[in-house]
Amino acid sequence: MERKGWAFWPWRMILALRQTVGRWIQALLSRLERPLRAVPGMERRLEAEYAAVLQGLEPILKPYQDLPAFSRLPPEGEAPDRVFQLLQTLAAREETRWRKGYASGAVYHGGAAHIEFLNRVYALFSQANPLHPDLWPSIARFEGEIVAMTARMLGADQADEEIVGTVTSCGTESTLLAMKAYRDWAREVRGITRPEVVLPVTAHAAFEKAAHLLGLRLVYTPVDEGYRANVQAMARAVTRRTIVLVASAPSFPHGVIDPIPEIARLAQAHGIGCHVDACLGGFVLPWAERLGYPVPPFDFRVRGVTSISVDPHKYGYAPKGISVILYRGRQLRHYQYFAATDWPGGLYATPTLLGSRPGGLIAAAWAAMVTMGEQGYLEATRAILETAARIRDGIRQIPELEILGNPLWVIAFTSKTIDIYRVLEQMGRRGWSLNALQHPPAVHLAVTLRHTQPGVAERFLGDLRDSVAWVREHPEERGELAPVYGMAATLPFRGVVRDLLYRYLDLLYEV
Ligand SMILES: Cc1ncc(COP(=O)(O)O)c(C=O)c1O
């Protein structure tokens with residue numbers, strides 16, 4: 001064992017040195033960004049660059065020039081039949097890609113009967129709002145049951161304390177609320193006024209958003225060769241101001257599970273929180289474990305795990321707009337809540353970020369969970385993991401490609417010999433909507449029930465082989481979007497990348 005440790009030393013030192021030097025260079029270059037952008041004419045040139053990039057996206061994002069558009073209210077209301085017809089046309093044009101399994105993640109179930117059932121449930125409660133529990137006590141009941149069922153699925157029965165939680169609108173909101181709970185707990189109980197969160201660089205961007213909104217300092221730590229959180233680095237990053245450690249089960253980029261028992265132990269040793277982001281895996285891993293897959297401990301059975309975020313609207317097969325945040329004990333949940341006691345509008349209290357909330361979605365999420373049941377989730381997980389194994393094997397047989405880490409069903413791959421972003425672009429030309437990753441450049445496919453349909457995995461692998469061959473055989477072609485991804489991933493001036501992203505968001509709102 002010791003010999004092996006020694007053998008790894010120089011390699012680790014070089015890696016650490018490279019990371020440190022890389023950070024210094026990055027910090028130096030980022031200081032140059034302001035003065036460079038102050039050079040006369042520079043902003044104008046940047047605007048021209050942004051416009052050129054966005055023009056390339058227009059055909060993808062604005063394909064409906066042939067259909068009626070409404071940039072102001074019609075003087076008189078349109079006939080509902082005509083409006084519905086227009087909507088049917090739009091939905092039909094978009095349906096084929098996700099229904100046939102061309103998307104990474106996005107639509108996790110997508111079966112026609114399942115969707116039709118959820119739509120019928122939504123219709124029953126489309127007017128319901130849990131802000132009025134006297135009018136719709138049914139929705140409060142659904143929420144309580146969604147939380148209880150999710151908590152039990154994640155080890156609540158074997159936990160030393162009561163597991164409680166709330167229903168939220170998305171994984172990002174669950175993340176935000178957990179971070180708020182830890183912030184307010186730490187301020188009140190520990191007197192921490194400049195709170196810090198320690199998290200691996202692979203944690204979801206939602207944590208960055210939470211820090212941005214809540215005034216938290218994020219302390220990022222590196223991951224190991226398998227893209228799992230480096231616990232020693234996390235231990236070194238903990239200070240008197242640390243309020244919570246974050247781990248993923250699995251991480252969005254590479255689909256790998258962080259060493260949660262070790263991270264939770266570290267958190268316990270410091271008397272702070274350990275939040276597990278199981279947004280992606282919460283409805284897969286419990287069933288994968290039952291099926292005998294190697295699932296490391298990640299849920300409330302691990303002492304020291306104090307909160308878990310988990311998304312019914314992903315692999316829980318609920319409609320979009322439903323997530324759950326769970327806590328060990330009621331105290332943390334109280335730090336999430338909000339109450340206004342002196343408002344002339346009356347006594348006002350909300351459990352989550354939103355005010356009014358869509359009761360129809362909550363009812364549909366509840367209906368998805370109780371109709372799936374344990375057996376339904378078990379079968380769905382079996383199908384997804386078996387398909388993912390076939391896809392992983394197929395990718396491994398493409399010599400140019402390399403899978404990152406040791407994932408179960410969210411499969412990231414890169415290449416040392418060809419531009420992976422050009423492969424992504426070629427896959428796009430063949431209809432695929434995959435995720436582009438950076439640091440390092442890679443692409444991932446989150447396998448869903450859509451990919452378990454006959455022939456889909458084979459079509460994915462066939463298209464991937466063709467895309468790789470095309471890129472190999474056309475080294476002179478730069479591609480259209482690939483250079484943009486490449487530039488965005490490597491450009492040291494991150495403010496420029498941010499501005500480009502803001503203009504991209506602007507473009508989405510252009511009518
Ligand atoms: C691990 C993880 N956490 C958080 C999120 C954010 O979830 P949402 O998009 O529902 O806000 C995602 C989304 O993919 C995720 O994969």
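## Basis of the model

Because the model is predicted, local features are given only at pLDDT of at least 70 and side-chain atom pairs only at pLDDT 80 or more, while totals for chains, interfaces and linings use all residues. Residues are numbered from 1 along each chain as its sequence is written, and side-chain values use heavy atoms, with hydrogens and water left out.

## The sheet and its helices

An open sheet of mixed pairing is formed by 7 strands in the order E1-E7-E6-E5-E4-E2-E3; strands are DSSP runs of E with at least two residues, helices are runs of H or I with at least four, and both are numbered from the N terminus, while two strands pair if DSSP finds at least two bridges between them. At the edges stand strand E1 (163-168) and strand E3 (217-221), each pairing on one side only, and the twist from one strand to the next averages 20°. Strand E4 (residues 242-248) runs parallel to strand E5 (residues 273-278) and is joined to it by 5 bridges, with Val244 standing opposite Gly273 in E5.

Helix H5 (residues 137-153) packs on the sheet, where it touches E1, strand E6 (307-310) and strand E7 (323-328), contact meaning heavy atoms within 4.5 Å. The direction of H5 makes about 125° with that of E1; axes are lines fitted to C-alpha atoms, for helices over the stretch in contact, and angles between N-to-C directions run from 0 to 180 degrees. Helix H6 (residues 171-190) also packs on the sheet, touching E1, strand E2 (196-200), E4, E5, E6 and E7, and its direction makes about 25° with that of E7.

## Around the ligand

Among pairs of N or O atoms within 3.5 Å, which count as polar contacts, a ligand oxygen atom is 2.9 Å from a polar backbone atom of Gly171, and a ligand oxygen atom is 2.6 Å from an N or O atom in the side chain of Thr172. A nitrogen atom of the ligand is 2.6 Å from an N or O atom in the Asp277 side chain.

## Backbone details

Most peptide bonds are trans. A cis peptide bond, however, joins Ala249 and Pro250, with omega about -5°, and Pro250 has its place in the loop between E4 and helix H9 (260-270).

Terms used. Polar contact = N/O pair within 3.5 Å; in protein donor to acceptor, adjacent residues only side chain to side chain.
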